[in-house]
Amino acid sequence: MRCTYTYPTGHQIMKVFWTKGPIKGVEPPDLSNDTEYSQRLQYLGDKQQNCTVRLSHVTLKDSHMYYFRFITDNAMKWTGAAGVTLTVTDLQVESPERVTEGDSVNLRCKSSCALTDRATFIWYRNSQPLTERRDRNNELLLQSVRREDSGRYSCAVDGHTHISPAVQLNVMYPPVKPVISISPSGVIVEGDSVTLNCISDSNPPAEISWIKGGMIVGSGRIYSISKISSDDSGEYKCKSINEHGEKNSDTVTLNVTSVRCFSSVTVGVVGVVGVLLGGASGAFVMYICLTKRMNRRSAMKEISDPNEDTYTALELKSTTSDLYDTLTTVDRRPPEDS
C-alpha cells in the first residue's frame, strides 16, 4: 500500500507504524508487534515522507481499514485520518449443483478483483491439475459430461499460490444393469437361510425391488429367506430404478432340495434277495436317506467273526454336499422250523 506523509517543521519523527481501525480513543496497536502480522508486514518507508507498507500472504481476514501513524519528539501523535481500505476477495468457482450425464457443463473461475487481460487460469479436480495447459479463458467447458467427471473443482490464477475453495460437481445417471449374488452358493436344502444381494450403481441411489414369477416379493438391496422351503423355489430378479431410468437384472433360479427318509422291506426266497443271500430264504432290509451330503466314498468291510450272522456292512467315509447317502444292511436269519 503506497503512502506519503508530511509533518510540521521543527518536529522530529521518533516512531512510525501501521495500525488497523477503527480507532476509538485508545492507543492503537503497532501491527509489527501483532503475531498475526509480524511475519507478513514489511515497512518500506522512512521517517521523512515515505510510509509505504507491504502485507504478504493476505487472506480474507485481512480485510480492514488500515492507518499510518507517527509520533514526534514532543510526543505529538498523528494519524492519517482517511486510512486505506483493503478488501480481500476470494476466487470462486461457479458451477451448477447437479447435472445429468450427457449434459454440457460450464464452470467459471470468478473474482471480484479486476484481473489483467493476460491472466491465465489453472483448473483442478480433487486437488489434481486437469491439464498442463494454462487457459486465458476463465471458463472450463465439459462437453457431454460423464459420471467420471464428478468431483471437487477448484481454480487458480497462474503466478499466484492461492487456490479457490473447491465446489462439488454432482453428475446424475441412471442405474447400470444390476447383478445378483446368492449366499451361500451351491446346493440349497430345505431349512437353510439364503440371502440374495442386488448390486447396482446409480446416482442418486436407486430403489431396489425383488420379483419372483412376475410378482414383487420384496424391496431393498438385500432379500433374505430364512428356513427356506420348496415353495421358495423359482426364478428371481431385481429391478433398480431412480428418476433417470431403470434396469432389470438377469434371472437367477433357486432350486430347493427336499430332505426325506424312508425304508422298504422285501421278503423272499428268490430273485435279488436269493442272489444276495446265496439262495437261502431270509429278509432283506434297506434304509435310504436323502440328504444334502454328496459323493460319499464307501468301503466294504468283511466281518470274519463266525458268531456274527451278518455277511457285509457298508462303512461310510468322507463327506461332501449334494448326492444321496445310502446305508444298506443285509441280515441273514435262519429259516423257521416247519
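**Exercise 1.** Decide whether glutamate 243, with a relative accessible area of 58%, is buried or exposed, and describe its salt bridge with arginine 98.

*Solution.* The structure is a predicted model, in which local features need pLDDT of at least 70 and side-chain atom pairs pLDDT 80 or more, while totals for chains, interfaces and linings use all residues. Residues are numbered from 1 along each chain as its sequence is written, and side-chain values use heavy atoms, without hydrogens and water.

Step 1. Buried means under 20% relative accessible area, exposed over 50%, and partly exposed in between (1.4 Å probe, protein chains only). Glutamate 243, at 58%, is therefore exposed.

Step 2. A salt bridge needs a side-chain nitrogen of Lys or Arg within 4 Å of a carboxyl oxygen of Asp or Glu. The closest N and O atoms of arginine 98 and glutamate 243 are 3.5 Å apart.

Step 3. The two residues are 145 residues apart: arginine 98 is in strand β8, and glutamate 243 is in the loop between β21 and β22. Strands here are DSSP runs (E, at least two residues), numbered from the N terminus.

Step 4. Arginine 98 has 48% relative accessibility, so this residue is partly exposed.

**Exercise 2.** Which strand holds glutamate 139, and which holds arginine 108?

*Solution.* Step 1. These residues form a salt bridge, with the closest N and O atoms 2.8 Å apart.

Step 2. Glutamate 139 belongs to β12 and arginine 108 to β9, 31 residues apart.

Step 3. Both count as partly exposed, since glutamate 139 has 23% relative accessible area and arginine 108 has 37%.

**Exercise 3.** Which residues have the most contacts inside the largest nonpolar core?

*Solution.* Step 1. A nonpolar core is a set of buried Ala, Val, Leu, Ile, Met, Phe, Trp, Tyr and Cys residues joined through side-chain atoms within 4.5 Å.

Step 2. The largest core has 17 residues, and those with the most contacts inside it are Val105, Leu107, Trp123, Leu142 and Leu169.

Step 3. Strands β9, β10, β12, β13 and β14 each supply at least two residues of this core.

Step 4. Another core, of 15 residues, lies apart from it and includes Ile180 and Tyr236.

**Exercise 4.** Describe the ring pair of phenylalanine 70 and tryptophan 78.

*Solution.* Step 1. Rings of Phe, Tyr and Trp (its six-membered ring) pair if their centres lie within 6.5 Å; planes under 30 degrees apart count as stacked, over 60 as edge-to-face and the rest as tilted. The count comes to eleven aromatic pairs.

Step 2. Here the centres are 6.2 Å apart, with 15° between the planes, and the pair is stacked.

Step 3. Phenylalanine 70 is buried at 5%, whereas tryptophan 78 is partly exposed at 33%.

Key
Helices (H or I, at least four residues) and strands (E, at least two) are DSSP runs, numbered from the N terminus.
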